[in-house]
Amino acid sequence: MITARYIFLVACFALTSVIGKYELAPKKFLTLPLGEVRPAGWLRDQLQVQTDGVAGHMHEFYELVSNSDWTGGHSYYSYLEEAGSYWFNAMVPNGILMNNSIINEKTQEFLDYVLDHQDSTGWLGPEVGTDKPRYLWGRYPFFFGAIQMVEYKPELTDKVVTALHRFMKLANKMLRDGEGVENWAATRWEDFVMVLQWLYDSHPRGEEEMLLDTMKRLKWSGVPWEKVFSREYFPTGPVENLTNPFGIELSWHGVNMAEGLKALPATYRFTHNQSDIDAANLSWDLMFKYHGRPSGAYAADEMLAGLEAVRGTELCLVVEAMFSGSYLYQVIGNIKYADRVERMTYNALPATITADMWGRQYLQQQNQVAAKNMSPNPFPEDGPYSNVFGLEPNYPCCTVNFPQGWPKFITNAFLTTHDRNGLIQLYLGPFEVQTTLFGDNQVKVTVDTLYPFGDMLNITILAVKPFTYYIRVPSWVVGGSMLLDDGQRTELAPDSETGLMQRVVSGGITNIVLYYPAEITIEKRLHSSVAVHRGPLNYAFDIPRSEKIIAQDPHEPHAIDLQIDPVGDWEYAINTDSAKMMFHNDAENTEVEIRSIPTLSESYKLPSPIFDSGKPPVSIIVPACPIKWPLAGDMFVTSPPEYPECVGEERNIKLIPFGATRLRISEFPASVLGFNELTGTSDLWQEVLSV
């Protein structure tokens, strides 16, 4: 019987004769080696908070790390063998960016142990010397970590590259024999393809043909993401009552899909097919149209969950989608990827972790009025403990995986053009960069800014020779300008596709001041509700809270589980006329006329940790009125009521950045008082993305 899968495989093999003669298509932009981009200002403070939190101490007390079977111990949480691998991938950049000698020593020990215990077949990982099943997936995060170590310590190149080539040859044989792939590996094959492409680009050792063949076989062995992310098959709402047409339910798993977003740009590199780029663009659009969140992430409480504000978003999903969005921009160069990654980073990532970064949720909610053991359970596929802030609520994977979020955002913040003649400032925030461009052009860049808690960026560039400096202008910037050393002030004119504005800078010192103002925008959500944005930040009502310790790790007193309950009113509808809303910034004079080059950090230093109640200097005051808004169980909220009647007088309430809240309302009912303004000012609405 000829099946659709058989036809697909035959087509892939037929394609081999065509694509085998090609080399890899180049990425549009290239990353800088680990360590050349470092955080500064408040962003460095934030990474220090992470290092002082659970991420920087897991190796001391957390069995999955301190006694990991990856380094000869006995602890692991599933046959996937991903716990130690996840930790290594995250803590390599964390330790290096913070110059933390203890973490760097631990990651070096981890690398050495794994490579020194590679067996005669080429296999790497904790299965060596055991009768454990051998599946490919669990190695992929380890490979990413090892590549980062090579970037920072080139003396490791031969050892790491030799081991990866040996494993690649074994993996090729396993794929030919139909081994090593179960449902998780079938959805995450793109990560291994990216590793193989790094080898092909940098250290092929004459094995280009086998590297390409292994990439293709990985794709053939896995989920056809171009079909999963097609208009025909993509689910437009929650999937718990749907039948997956591909026979692998995990192709609708939120984290798998976050990783799967990299599959099509990775495939394009060895097919050279524009259709793969088109499919990659469509996949991003479909995901955020039907499941997107005002926080920048999308909803998947294990499986895709639609647009309801009470449904969950997994923390692993957030950090994997951030990494995938960065890769998509590097290959394709569309500004929508960078804008979305920045939104996720400054909203969804901090919102699901305690301010001191010792506790995290498994699932966050856009409207979250309590964090506790829920009854009844609002999450169809996850447990009722999923939104508790703690050491490992629901599953332990996010504990070892979430620390990659901030470090990889930082390392992907600057790129180079493919010819390495130009330097690109992609993500906005305080950074320090030291790199060497083509022609031995040594360049140092310092970005001094409070962004996203301010609208101004002061950039100082020191270069040996002239080069082109590119700066992203986010799509939410309205007006704005650039001021140069000579006092020349120019309007912002970025490229419509990449979002980049270029400036040729001379050798020596160049100073640039950017002014990136934004308007308050209103986003339509389900049930005629609305979300409030300004710039990259989503704003939410910060519900007053009480915290109760409900569990504590016996080996680490800081590792606690917190039940968080509301202690104040939260049932508000807002007047949706943005003209009646007022933005405040205690750190910057947002009405400033740029005439000089101020040094913002000298005039105002953000508190640390910044993502907590009362800490960010920015807020939006909105008119609102109390309403009746019932609960749907033990402290989780129903859908926003449509145009509810006010039960009290209109008053002003304060909204703060979403990432600084633990309990919140972020999708508000529109009050009847604001209904006329709402329907009469449609130009103020930010429509849900049309595909």
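Cys646 comes out as partly exposed, with 24% relative accessibility; on this scale, buried means under 20% relative accessible area, exposed means over 50%, and partly exposed is in between (1.4 Å probe, protein chains only). The model behind these values is predicted, so local features need pLDDT of at least 70 and side-chain atom pairs count only at pLDDT 80 or more, while totals for chains, interfaces and linings use all residues. Residues are numbered from 1 along each chain as its sequence is written, and side-chain values use heavy atoms, with hydrogens and water left out.

Cys625 belongs to strand E24 (residues 618–626) and Cys646 to the loop between E24 and strand E25 (651–657), so the bond ties together parts 21 residues apart in sequence. Helices (H or I, at least four residues) and strands (E, at least two) are DSSP runs numbered from the N terminus. The torsion about the S-S bond is about -65°, so this disulfide is left-handed. Cys625 itself is buried, at 0% relative accessibility.

Then there is Cys316, also buried, with a relative accessible area of 1%. Cys397 is in no disulfide, and the nearest cysteine sulfur, that of Cys316, is 4.0 Å away. Cys397 is buried too, at 11%.

Moving on to the strands, five of them make an open sheet with mixed pairing, in the order E1-E7-E8-E12-E15; two strands pair if DSSP finds at least two bridges between them. Strands E1 (29–31) and E15 (500–505) are the edges, each pairing on one side only. Inside the sheet, E7 (residues 414–417) and E8 (residues 422–425) pair in the antiparallel sense over three bridges, and Leu415 has Ile424 in E8 as its bridge partner.

Nonpolar side chains in soluble globular proteins tend to be buried together. Here, the largest nonpolar core has 218 residues, and those with the most contacts inside it include Phe414, Val445 and Tyr469. Such a core is a set of buried Ala, Val, Leu, Ile, Met, Phe, Trp, Tyr and Cys residues joined through side-chain atoms within 4.5 Å. Helix H16 gives the most to this core, with 13 residues. Not counting residues up to four places away in sequence, Tyr469 touches, among others, Phe414, Leu423, Val445 and Met501 (contact means heavy atoms within 4.5 Å).

Methods: A disulfide is a pair of cysteine sulfur atoms within 2.5 Å.
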